[in-house]
Amino acid sequence: MHPVHLRSAGTSVLLAFDSGEAEIVHWGADLGEHLPDLAILRGPVPHSALDIPVTAGLLPQASSGWAGRPGLRGHRNADGGPGLDFSPALRVVAAQMQDGGRTVVIIHRDSEAGLEVSSELTLHPGGLLELAHTLTNSGTAEYQLDELATVLPVPRNATELLDLTGRWCRENHPQRHAVQQGTWVRTGRHGRTGHDSSLLVAAGTAGFANRTGQVWATHLGWSGNHEQYLDSLADGRRMLGAAELLGSAEVVLRPGGSYRTPSLYAAYSGRGLDGITEAFYHWFRARPQHVDTTSGRVRPVVLNTWEAVYFDHSLEPLLELAEAAAGLGVERFVLDDGWFRGRRDDHAGLGDWYVDEGLWPEGLTPLIDAVTGHGMEFGLWVEPEMVNLDSDVAREHPDWIVGPSLLSHKGGGRLPHAWRHQHVLDLANPEAWQYIYGRLDALLRENNIAYLKWDQNRDLTEHGRGGRPSVHEQTLAAYRLFDALKAAHPDVEIESCSSGGARVDLGILQRTDRVWASDCNDALERQTIQRWTQAVLPPELVGSHVGPTTSHTTARTHDISFRAITALFGHFGMEWDIRAATDEERATLRRAIALYKRHRALLHSGKRVNADTAEPTLSVHGVVAHDAGEALFAAVSLASAPAEVPGLASLPGLDPKRNYRVRAELPTLLDGDYAHTFSQIRPPAWLDDGAVATGAFLQHVGLPLPVLNPEHALLLHVQAL
């Protein structure tokens with residue numbers, strides 16, 4: 001069988017089949033059109049080892065001598081009892097090119113074990129590799145699947161590993177360490193993606209950074225339990241892998257049954273982490289459902305009511321808030337939690353998705369009419385997958401609530417511990433699924449709702465139905481719910497919110513239009529959260545709001561310009577009782593909204609760039625147009641700096657041969673917090689009137705920054721002359 005060579009955007013994926021398996025012999029820099037005889041890659045056989053060269057195929061197997069983590073684990077239950085066919089010998093029987101040479105479908109088969117795996121690899125035009133396997137039980141007895149992993153090799157010079165972790169209100173923070181021998185594993189058992197889940201796992205050459213070094217990175221597109229790992233063997237080989245984490249007997253394939261893995265998305269860059277980001281952005285923005293400026297649909301300025309009114313849903317204050325929002329230039333008004341029956345706090349009401357007649361005797365219509373009358377869209381918060389025990393639906397259908405027991409909690413079974421006073425509705429139960437679909441469908445049909453903020457505020461602990469684990473079924477049922485509502489209401493946009501950023505992955509983003517990166521609107525925390533969320537997700541998919549002057553989650557107080565600059569680099573909005581804003585705050589906020597509207601086509605289509613700064617307390621990041629004709633940069637002081645002056649700041653990503661004018665956009669002397677932003681006797685010479693320099697000069701020499709106070713920022717507009 002001839003080798004398969006996929007090439008795109010400076011990346012090559014080369015597969016060989018000489019061993020009888022599909023082996024990726026290269027995933028990395030483009031190799032060009034002409035390849036040598038791949039027999040030259042056949043390695044030596046060392047002492048005290050198998051008598052054959054060991055193959056690490058797409059599905060690493062003990063039957064090929066692989067001593068690391070296998071790609072497939074499972075067994076068959078037959079007359080001989082459990083444990084049969086534990087070690088398959090899957091060999092390639094076919095490889096077919098599709099999609100104009102961008103995709104290869106490889107069929108592996110073990111007729112004796114009664115197993116077949118179809119592997120699909122697509123190298124997308126922007127260089128993003130997508131890999132998924134489908135396992136089919138071609139035998140005559142049930143096959144219990146324990147794990148089917150997607151893995152990719154990385155070279156030995158990938159000596160450092162970076163991944164992300166976090167918690168509620170502190171999502172997507174980086175951590176890195178040296179790669180050592182053994183298996184490094186990150187496990188997510190939350191039943192959802194998880195606050196601590198790694199959105200990105202990146203292996204790279206020593207010291208790889210934003211703009212330098214070789215990097216190989218992966219992301220698993222799955223919203224349930226999962227594992228991500230790096231397997232580093234004694235023979236020097238290293239495999240980046242990921243898999244759905246299945247519960248006991250959660251997937252048992254009957255004869256003829258199949259299981260498909262979540263897709264593993266992977267990118268290679270020879271230009272540091274920004275090259276990885278570029279590959280993901282290209283894939284996102286090429287999707288037909290992607291909301292962007294080229295489709296004529298823009299990301300509207302949002303006002304969400306949660307941190308403005310919480311559960312206090314009185315019509316008059318909400319009408320005042322809507323009027324104030326419209327006056328500032330808001331384009332979408334979102335009513336958060338508290339609108340449905342029995343919902344006065346978070347103890348009751350979840351599951352009863354009817355407008356509360358006591359609060360809203362005329363329904364939501366008066367508020368919706370007022371919002372749309374101001375020229376804004378109306379959005380609504382829902383949490384369809386959850387239920388309070390103090391709700392009509394829980395009282396009438398206790399068997400719809402998930403738990404570890406065979407019986408419902410009313411029949412003597414045990415419930416998982418409550419989380420925020422709520423439990424999980426069993427969407428794998430067809431009746432429960434249909435009830436939730438029917439209620440959401442009715443809300444959307446009966447009201448002029450353009451947007452759903454879809455929340456999921458707890459982990460799926462001890463999640464089961466009929467006494468068996470069912471996170472796998474629940475995740476697929478939730479996907480079906482999103483898909484069905486999207487099909488019935490294609491113009492309604494949906495946000496994935498999960499107590500902030502606990503369900504941010506490419507599985508949910510196949511069905512939603514943006515994510516809520518964190519429940520924390522503290523601008524300082526958001527600088528890190530947004531930087532690393534946007535390592536994978538374009539800014540137009542990441543909700544980023546101006547919060548109150550004093551943060552509700554951290555009690556930090558920040559000036560309006562810092563909060564506004566932070567929020568600009570995302571899907572801009574507010575979560576704040578803007579009626580309480582001072583005149584100075586209102587003036588700056590109005591200017592920030594105007595800046596967002598003027599620049600959102602750039603912000604939501606350009607290349608994200610992150611400068612490599614010598615000072616860890618200084619962040620310089622921006623968005624550069626694809627033709628390099630324009631850019632926006634933010635220089636951010638994250639903390640007090642050890643040096644008296646910040647020095648020269650690089651503005652990367654511009655055309656080195658073109659001349660540019662650089663001007664400060666926010667804050668300026670027009671803003672009331674201008675004096676708070678800097679600590680200096682006089683500013684650098686260019687700040688008042690701007691600077692003119694080539695792209696090469698701005699990248700390699702840079703500009704002297706003003707002395708920014710800690711937790712302040714400066715927005716720069718760069719325009720080609």
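How do α6 and α7 lie relative to each other, roughly parallel or roughly perpendicular? Let's work it out. One caution before that: this is a predicted model.

Start with the general idea. Two packed helices are described by the angle between their axes and the distance between the axes. Now the numbers for this pair. Helix α6 covers residues 430–446, and helix α7 covers residues 471–488. Their axes come within 11 Å and cross at roughly 30°. Angles under 35 degrees count as roughly parallel. So α6 and α7 are roughly parallel to each other. The crossing of α6 past α7 is right-handed.

Who touches whom? On the α6 side we have Trp 433, Ile 436, Tyr 437, Leu 440, Asp 441 and Leu 444. They meet Ala 477, Arg 480, Leu 481, Ala 484, Leu 485 and Ala 488 in α7. By class, that contact has 10 nonpolar residues, 2 charged ones and no polar ones.

Next pair: α9 and α10. Helix α9 spans residues 560–568, and helix α10 spans residues 583–603. Here the axes come within 10 Å, with a crossing angle of roughly 20°. That makes α9 and α10 roughly parallel, therefore, by the cut-off of 35 degrees. α9 also passes α10 in a right-handed crossing. From α9, the contact uses Ile 560, Ser 561, Arg 563, Ala 564 and Leu 568. Their partners in α10 are Glu 585, Thr 588, Leu 589, Ala 592, Tyr 596 and Leu 603. The class count for this contact is 7 nonpolar, 2 polar and 2 charged.

Now, empty space. Rolling a probe the size of a water molecule over the atoms shows where empty space is left. How much space lies in the largest pocket? About 1300 Å³. It is lined by 45 residues, and the closest to its centre are Glu 23, Leu 41, Val 54, Ala 56 and Arg 237. The largest share, 7 residues, comes from β3. Sorted by class, the lining has 26 nonpolar, 10 polar and 9 charged residues.

Last topic: two backbone details. Where is Pro 667? Look in the loop between β38 (659–666) and α11 (674–677). The peptide bond from Leu 666 to Pro 667 is cis, and its omega is near -5°.

Then find Tyr 310. Tyr 310 sits in the loop between α2 (306–309) and α3 (315–328). Its phi is positive, about 50°, although Tyr 310 is not a glycine.

To recap the helices: α6 and α7 are roughly parallel, and α9 and α10 are roughly parallel too.

Methods. Residues are numbered from 1 along each chain as its sequence is written. This is a predicted model: local features need pLDDT of at least 70, side-chain atom pairs count only at pLDDT 80 or more; totals for chains, interfaces and linings use all residues. Side-chain values use heavy atoms; hydrogens and water are left out. On a 1 Å grid over the protein atoms alone, a cavity is a set of points where a 1.4 Å probe fits but cannot get out, and a pocket is an open set with protein on both sides within 12 Å along at least five of seven lines; lining residues have an atom within 4 Å of a point. Grid points are joined across faces, edges and corners, and a volume is the space filled by probe spheres set on the points. Helices (H or I, at least four residues) and strands (E, at least two) are DSSP runs, numbered from the N terminus. Ala, Val, Leu, Ile, Met, Phe, Trp, Tyr, Cys and Pro count as nonpolar, Asp, Glu, Lys and Arg as charged, and the others, Gly among them, as polar. Axes are lines fitted to C-alpha atoms, for helices over the stretch in contact, and angles run from 0 to 180 degrees between N-to-C directions. Angles under 35 degrees count as roughly parallel, over 145 as roughly antiparallel, 65 to 115 as roughly perpendicular and the rest as oblique. A crossing is left-handed if the near helix is turned anticlockwise from the far one by less than a right angle, and right-handed if clockwise. Contact means heavy atoms within 4.5 Å.
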